Amino acid sequence: MAMRYREQIYDYGNYREVKMFPVFPRQRSSHRKPKHRPTRKVQERLNQVNAERALARLIAANFTSNDIKLELTYSPMDYHDSIEQSKRDIVNFFRRVKRARQRAGITVELKYIYAFGQGSTGNRIHFHVIMSGGLSIQQLAKIWGKGYVDKVAPLMFDEQGVTGIARYFAQQQTKIIDEYDEPMLVPDLKPKTKRWVSSHNCVKPAPKNYDYKLTKRDVSYYAQNSEDLRIFEKRYPEYFCSECKPFWNDETGAYYLQVFLYRKDFKPDIYSSASNQ
């Protein structure tokens, strides 16, 4: 059975993300080739990249430029170093925000994503938050009531969404785990603590897989001409293409592509250097 190529498409918000890669048939022979497993560091890096992409999709699927990002920090008198108590603090914050939105007549359901952070000096616990807009900074500060609401800004989307924010959020939990070799320093933190937490009503984009629509010749052509983004706009006529990342795998003898697109009727808040539009 010949190798086939898969076109894996994620549609979320104003964006489309496409992956093109080979799918190999299962070997029926008992004499299988030994699997080449990535090293621990390579696997950790791969997991990090996948986490960043998953979060970027999650943000773009659930939030717009009407929503905000911010940091919640503790005042000296309210600070503690308990992760479990911090979890209770942030959950209570969102509960109070939800009630305040209802009192203000805001009918749009609250959505949020947060990640634990720790300061570069003193390793003080704080929170990085993305949430639905609608309440003022003053209202949010009063609701938090344990310190400060800092670095409040509207979400801004470029041709690929919010990849920078997603990368920053996804790295926060990794930093906490990596910086503490002695578990006694942060006794409540488990190595498998989630990189981030999202509200239950956040829609998680799922891929659609299409096999046999692509040939090896197709993918080779796209890879070798990846700088000409118009070829992808011809394949996906409702979208502008912002970038294509090709990768050649010596072991499989095949190209792997990742393509980023955004809807033609969408105007990004900012433009990155990746786009030729």
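In the predicted model, strand 3 (residues 68-74) and strand 5 (residues 125-131) run antiparallel and are joined by five bridges. Within this pairing, leucine 70 has valine 129 of strand 5 as its bridge partner. Helix 3 (residues 137-144) packs on the sheet and touches strand 3, strand 5 and strand 6. The direction of helix 3 makes about 145° with that of strand 6. Helix 2 (residues 83-103) lies across strand 3, strand 4 (112-118) and strand 5, and runs at about 30° to strand 5.

The sheet to which these strands belong is open and consists of five strands in the order 6-3-5-4-7, with antiparallel pairing. Its edges are formed by strand 6 (147-154) and strand 7 (197-198), each of which pairs on one side only.

Another open sheet, also of five strands, has the order 8-1-2-10-9, and its pairing is antiparallel. Strand 8 (208-214) and strand 9 are the edge strands here, each pairing on one side only. On average, and with direction ignored, neighbouring strands of this sheet are turned by 20° against each other. Between strand 9 and strand 10, the antiparallel pairing extends over 10 bridges. Proline 246 stands opposite leucine 257, a residue of strand 10. Helix 5 (residues 216-224) packs on this sheet, where it touches strand 1 (4-12), strand 2, strand 8, strand 9 and strand 10. The angle between the direction of helix 5 and that of strand 10 is about 65°.

The largest pocket holds about 1000 Å³ of space. Its lining comprises 27 residues, of which Lys19, Leu46, Val49, Asn50 and Gln258 are the closest to the pocket centre. By residue class, the lining of the largest pocket contains 12 nonpolar, six polar and nine charged residues. At least two lining residues come from each of strand 2 (15-23), helix 1 (40-62), helix 4 (163-179), strand 9 (239-249) and strand 10 (254-263). Helix 1 makes the greatest contribution to this lining, with eight residues.

The loop between strand 7 and strand 8 contains valine 203. Residues up to four places away in sequence aside, valine 203 touches Leu58, Ala61, Asn62 and Lys111. The C-alpha atom of valine 203 is separated by 9.3 Å from that of isoleucine 59, although the two residues are 144 residues apart along the chain.

Confidence in the model was also examined. The protein chain has a mean pLDDT of 85, and 82% of its residues reach 70 or more. Residues 176-193 have pLDDT below 50, and this stretch has 18 contacts in the model beyond near neighbours in sequence. Where pLDDT is low, predicted coordinates should not be read in detail.

How values were computed:
Residues are numbered from 1 along each chain as its sequence is written. This is a predicted model: local features need pLDDT of at least 70, side-chain atom pairs count only at pLDDT 80 or more; totals for chains, interfaces and linings use all residues. Side-chain values use heavy atoms; hydrogens and water are left out. pLDDT is the predictor's confidence in each residue, from 0 to 100. Contact means heavy atoms within 4.5 Å. On a 1 Å grid over the protein atoms alone, a cavity is a set of points where a 1.4 Å probe fits but cannot get out, and a pocket is an open set with protein on both sides within 12 Å along at least five of seven lines; lining residues have an atom within 4 Å of a point. Grid points are joined across faces, edges and corners, and a volume is the space filled by probe spheres set on the points. Helices (H or I, at least four residues) and strands (E, at least two) are DSSP runs, numbered from the N terminus. Ala, Val, Leu, Ile, Met, Phe, Trp, Tyr, Cys and Pro count as nonpolar, Asp, Glu, Lys and Arg as charged, and the others, Gly among them, as polar. Two strands pair if DSSP finds at least two bridges between them. Axes are lines fitted to C-alpha atoms, for helices over the stretch in contact, and angles run from 0 to 180 degrees between N-to-C directions.
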